[in-house]
Amino acid sequence: MSTKSSNPVRDKFNAVRERAGRAVEPAWQSAMDTVRPLRQRQIRRTRAMADRLPFTVAVPYLFLTPFFVLFSVFLLFPILYTVYLSFHTYEGIGTATLFWIDIGPIQYRLTRIAQLEFVGLQNYQRLLGDALFQNALANTTFILLVQVPLMIVLGLALALALNASWLRFKGLFRTTIALPVAANLVAYATVFLLLLQDNGLVNTVFQMVGLPAVPWLTGGTGLLPGPLKSVLGTGFWPRISLVGAVTWRWTGYNMIILLAGLQSVPKQLYEAAEIDGANRWEKFRYVTLPQLRPVLLFVVVTSTIGTFRLFSEPLIISEGGAPLSATRTLVMYIYNMAFQQFQLGYASAMTVVLVGIVAVLSIVQLRVGGESDG
Amino acid sequence: MGSVTRDEAGWRFLGYSFVLLVTLLMIVPIYWIVVASTLPEQAFLSAGTDVRLLPGSNFLANLDALQARESVDFVQSIWNSVFIAVVYTLLSLVLCSMGGFAFAKYEFKFKEPIFYSILATLTLPIQLLVIPLFLLVSQMGLSNSYWAIILPWAANPLGIFLMRQNMKQIPDALLESARIDGATEFQLYYRIALPTMKSSLAALAIVLFLFQWNLFLFPLVVLEQGKYTIPVAINELIGAQRVYYDQIMVAAALSIIPLFLVFLFLQRHFVSGILAGSVKE
C-alpha cells in the first residue's frame, strides 16, 4: 500500500500501523511532507548542538508562556484576591461610586472600598448556619441532577444521528439545532418569559391539543401526583422551566463538540469491528464510547460548571413571578450579597466554597471518567 | 446505494423523526423572535387570545424605533460584538493551541501542577471575578476599551484543556520523524499539530466565539456607551418602568445573523477536517 520513501522513521511508523490493521493517516503524511528534509550532516550537527543548549529545555515553557502570562494576570490574581477578601469584612460606606450595574429593574452600586477588617474564619462560620445559602445550594443541585444528564443524553443522541452516513441535510440540521446558542442571553430569557406566561404561547398550544395549562413561572405543585408534591415542594414548575430554557440553549452546543469528537474516531475501527461481527450496540459500546471518552468527559465537566454558573436565566425568570426560593441559584445569591448588601467579604467566602464544591465535583468526574481507561 | 434492510430502515425512520422533532423544538422560539420582530407590540404580548404565527409588516417600524433611541446605537453594537469576538477567538486559539501542544507533547518540570492549577480555574464561575477584574482593568487603564473584554479570558482554561486532550492523539513517532527531518520545535507545532487539529480548532473556535458573544456582566460593568456589545445594548431596552419588547425582538433577530454566518463558515472546516482524515490512497 505505502511506497518506500526517503524517511526510514516514517516507513517504520507506517509499517507498524499496517501490521496493527490501521491505515496510515494521509493528513499526517502530507503534513510531514511539508517539513523539508535537510542534509543528514547538517541535521546531526544541529541536533548535537541543540542537545547541549539550555534552549531546548525551555521549549515547552516558551510554548506555554503567552498563555500563562495572561492567565496569571487576569485569572490567578483575581482569584487570590477573592480568597484574601474572604477573610475580611468590607464596609462599602465610601462616597465615590466604583461602578453601577443596571439590569432592568435591578440596580447594583458598588462604592469605593472604605475599610477592610480582618475577621479570620468568621465568614465561613456564618455560612454553616445560613438557610438561604443552603436553599440556593439545594436549588442548584436539583437543576444539576435533572438538567446535565438530560442535556448530555440528548446531545449525544443528536450527534450520533447527525454522524450517520445516511442522514441528509446534515448542515441544515446541525446549524438549526445549534442556533439557540446564538440567541442573546438577555433576549432569550425575555422570550421564554413571554412564551411561558400563564396565557403564553406554550400554554395556548397545550390547550389546543387538550393538555392542561401549566403554571410554568408562577410555580405551585398543581398537576403533580400526590406523593411527589411534598417531595418536590412549591416552585417545581419554575425549576422545570429553568431546566428547559437552559437545555434548549446549550444542547446544540454540546452536540457540536460531541460531533467533532465522533468525527475524529478513525473509520477503520468501525470496519474492524464489523469484520469481527459486532452489532450496532457493540460498536457503540466498544468503539464509540471509549474513543469519545475525553470529549464526553469534557462536555460533562463543562456542563456541570455551567450549571453552577447560572445567573441571568433564573434572574429573569424570577422577574416573571417565580418564587425566588425555588429558582435562586448560588451565583445569584452571592451576587445579591456582594452588590445589594455590600458584604463583599461574605460573598467572597461563598465564592471560595462554591469553587471548592465545583472543583471537587470536577475532579471526581475526571477520575471516574479517566479510570475506566483499561 | 445498496438495498436497505428492514432493521436499517427502522433506524433511519427513528433517526429522522428524532432529529426533525428536536429541530422543530429548537426553531420555534427563534421563529417566534423573528415573527414578533415584525409585529406591533400588542400583537405578541398576550398570545392567549389570538395567536399570531405569521409575520406582520411592522419590522421596519420596530427597527426605526430601535434606531431612534438615543441611548443605544445598535448597529454600532453589532460591529463592536463582532470585532471583539473575532479578535478574541483568534488570539485565544493561538494561546490555547500553543499551550495545549506543550502539555500534550512535552515533558517538563512542574507540568502537572501548572496544568492542574489551570484546570482548577475551569470550575470558577466567571461572574464572581467581576469585582477584582474590574479593579485590575481600571488600574491598567483599560476600562472602556475593547481590550478590557478581550484580554481577561484570552488565556481560556477551557481551550487549553480541549487542545491538550486532542493533541495527545498526535503520535510521538510522527513528531520524532519530523525532528529527524530537521524540523524546529515551532515547525512541529505550526506545520504538524495545527493542520492535523483543524477540526478541533474549528470546534474550539465556535466555543470561544460563543463564550465572548454571550459575555454579559463584565462588559456591562466595564464598557460605556458607544462601545456596548449586543447583550449590553439589549439590556438597555429593559427599562425600570417599561420593557421595550418590540425593540428587543428586532435586536435579537438581528443579533442572530453574525452567529449564523460563523456556523456556516466553520462547518466547511469541519467537513474538510473530516475529509483529510478519511481519504485513502
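This note walks through the two chains, then the spaces inside and between them.

1. A word on the ground rules. This is a predicted model, in which local features need pLDDT of at least 70, side-chain atom pairs count only at pLDDT 80 or more, and totals for chains, interfaces and linings use all residues. Residues are numbered from 1 along each chain as its sequence is written, chains are lettered from A and ligands numbered from 1 in the order in which they are written, and side-chain values use heavy atoms, with hydrogens and water left out.

2. Chain A holds 17 helices and four strands; helices (H or I, at least four residues) and strands (E, at least two) are DSSP runs, numbered from the N terminus. Of its 374 residues, 50% count as buried, where buried means under 20% relative accessible area, exposed over 50%, and partly exposed in between, with a 1.4 Å probe and protein chains only. Among the contacts in chain A with a separation of 6 or more, 64% involve residues 24 or more positions apart; a contact means heavy atoms within 4.5 Å. Chain A exposes about 17600 Å², with 62% of it supplied by carbon and sulfur atoms; such areas come from the Shrake-Rupley method with a 1.4 Å probe, and for residues only the protein chains shown count as cover.

3. In an unreviewed entry, UniProt lists residues 53-81, 142-164, 176-196, 292-311 and 344-364 of chain A as "transmembrane region"; the positions are given in the numbering used here, feature names are shortened, and annotations may be inferred rather than shown by experiment. In the model, residues 142-164 of chain A are 96% helix and 0% strand, with end C-alpha atoms 34 Å apart. The span 344-364 of chain A is 100% helix and 0% strand, and its end C-alpha atoms lie 30 Å apart.

4. Now to chain B. Chain B has 14 helices and zero strands. Of the 281 residues of chain B, 58% count as buried. For contacts in chain B between residues at least 6 apart in sequence, 75% join residues at least 24 apart. The accessible surface of chain B is about 12000 Å², and carbon and sulfur atoms account for 65% of that.

5. Two local details in chain B are worth a look. Helix α9 (residues 172-180) of chain B has L174(B), L175(B), S177(B), A178(B) and R179(B) as its buried residues, and just after α9(B), G182(B) takes a positive phi of about 100°. Elsewhere, S57(B) sits in the loop between α2 (41-45) and α3 (59-67) of chain B. S57(B) counts as exposed because its relative accessibility is 75%. Its C-alpha atom is separated by 40 Å from that of W147(B), 90 residues apart along the chain.

6. How many cavities of 30 Å³ or more are there? The count comes to six. On a 1 Å grid over the protein atoms alone, a cavity is a set of points where a 1.4 Å probe fits but cannot get out, and a pocket is an open set with protein on both sides within 12 Å along at least five of seven lines; lining residues have an atom within 4 Å of a point. Grid points are joined across faces, edges and corners, and a volume is the space filled by probe spheres set on the points.

7. The largest cavity has a volume of about 730 Å³. Its lining has 32 residues, with W250(A), G306(A), R309(A), Q127(B) and F211(B) nearest the centre. Among the elements that give two or more residues to this lining are α6 (131-163) of chain A and α11 (198-214) of chain B. The largest share, five residues, comes from α13(A). The lining divides into 20 nonpolar, ten polar and two charged residues; Ala, Val, Leu, Ile, Met, Phe, Trp, Tyr, Cys and Pro count as nonpolar, Asp, Glu, Lys and Arg as charged, and the others, Gly among them, as polar.

8. The second largest cavity contains about 120 Å³ of space. Of its 15 lining residues, A338(A), L344(A), T351(A), L128(B) and I131(B) are the closest to its centre. Eleven of the lining residues are nonpolar, four polar and none charged.

9. The largest share of the lining, six residues, comes from α1(B). The lining of this pocket comprises 17 nonpolar, six polar and nine charged residues.
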